[in-house]
Amino acid sequence: MAAVSGGGARRWWRRAAGLGRAVRGIGGSSRAEAEAIRAQELAERLRAQRKEEEKRESSVSPTNGVSFSPQIPEDPARRRLQELALMSRRLQQVHPNVLAKVLKQGTVFQNEEIVVINKPYGLPVHGGPGVKNCITDVLPILAKMLENMRAEPLHLCHRLDKETTGVMVLARNRETADRIRLLFKTRQVEKIYWAIIVGDPDPTEGVVEIPMVEKEVQSHQSHYKMTLAPNYRLSPEDGKMVKIRKNRDAESAVTRYRRLASSSACSLLELQPITGVKHQLRVHLAYGLGCPILGDHKYSHWSKLAPQKLPEITLKRLKLQQSKARHLPLHLHAYRLSLPLGEQLNLVCKPPLFFQKTLRKLELDINND
């Protein structure tokens, strides 16, 4: 049976009911009455089917943001994972006006030059294959919502990965955007991230300074990853440090890190990327420190694409089975950004709800400043 929309079902039902009344008025034949009954049953089934679909689907409200289906798993960990994945999917399906409304609700600062939003998880900055909604596409709509109908479209000043949440700066005009981009390029903007990692870094505070390069990984499913391209290696003969020839395609990458808390075989780190290489924080933590970010299934293994393997204590605290670990989101958040734009602006975004719940589950206690 073909699916019929709610409006179509109602119109069909009215036509069927009207037909039934007309037939009965003519002669009241048993055949006509039987057809009217079948039409009524069909319409009722369609309405029931539509009601079930509406229960299963989530909806996005312009005033309340993203809401979720009431039919969700009883297990709290699986429920949070499903809600987050569902929210990401719904942001790809909603009308651009609704997405702009969601971003407006996430505004944390604005003045005559810039607008700062708290970027949601799973929302790409730029379009691409399979991407229906992205931040770039709704910037003209967001500008009108924030200012007026004649507002100039907002301009991107930098970018965050699809799975990364947190501080994102938008400029109200092209001149301001160019100034801010130059500040990023000349490393005058201080960026602070928070990440929950698997393991405990040794030492607990330091700097990772290892060049990076993108390489193809040959496995059952060939793919590309960023990886380390160090300038030194240990000699197998005597164990001494030996300088090797620099990879001409490698980019310099420097990350400062500091442990804020540690518990349940995981740690909360404060990260400051000095450079801005693709996937720099994820690679430096996974391959440089041996402590991948929680939920980073891409960089938890080198030779394969597979769900992250988690310690028993971590799974227990998260109330999660290893077979469901693939649903864990990336726990990387752009927490603070210091922007020297006339005056020094310190822009802060609290981590999203799923990040905060993970901190509590893992007992990673920290005093928020």
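This is a predicted model: local features need pLDDT of at least 70, side-chain atom pairs count only at pLDDT 80 or more; totals for chains, interfaces and linings use all residues.
A search of the whole structure finds four aromatic pairs. One of them joins tryptophan 194 and tyrosine 335. Their ring centres lie 4.1 Å apart and their planes meet at 10°, so this pair is stacked; the cut-off for stacking is under 30 degrees. Tryptophan 194 belongs to strand S7 (residues 190-198), whereas tyrosine 335 belongs to strand S15 (residues 332-341). The pair therefore ties together parts that are 141 residues apart in sequence. Both tryptophan 194 and tyrosine 335 are buried.

Tyrosine 287 and tyrosine 299 form another pair. Here the ring centres are 6.0 Å apart and the planes stand at 75°, so the geometry is edge-to-face. Tyrosine 287 sits in helix H7 (residues 280-288). Tyrosine 299 sits in the loop between H7 and helix H8 (312-318). This contact therefore ties together parts that are twelve residues apart in sequence. Tyrosine 287 has 24% relative accessibility and counts as partly exposed. Tyrosine 299 has 1% and counts as buried, because buried means under 20%.

The hairpin involves strands S9 and S10. Strand S9 covers residues 212-217 and strand S10 covers residues 223-228. The two strands run antiparallel and are joined by six bridges. Glutamate 216 has tyrosine 224 as its bridge partner in S10.

Methods. Residues are numbered from 1 along each chain as its sequence is written. Side-chain values use heavy atoms; hydrogens and water are left out. Two strands pair if DSSP finds at least two bridges between them. Helices (H or I, at least four residues) and strands (E, at least two) are DSSP runs, numbered from the N terminus. Rings of Phe, Tyr and Trp (its six-membered ring) pair if their centres lie within 6.5 Å; planes under 30 degrees apart count as stacked, over 60 as edge-to-face and the rest as tilted. Buried means under 20% relative accessible area, exposed over 50%, partly exposed in between (1.4 Å probe, protein chains only).
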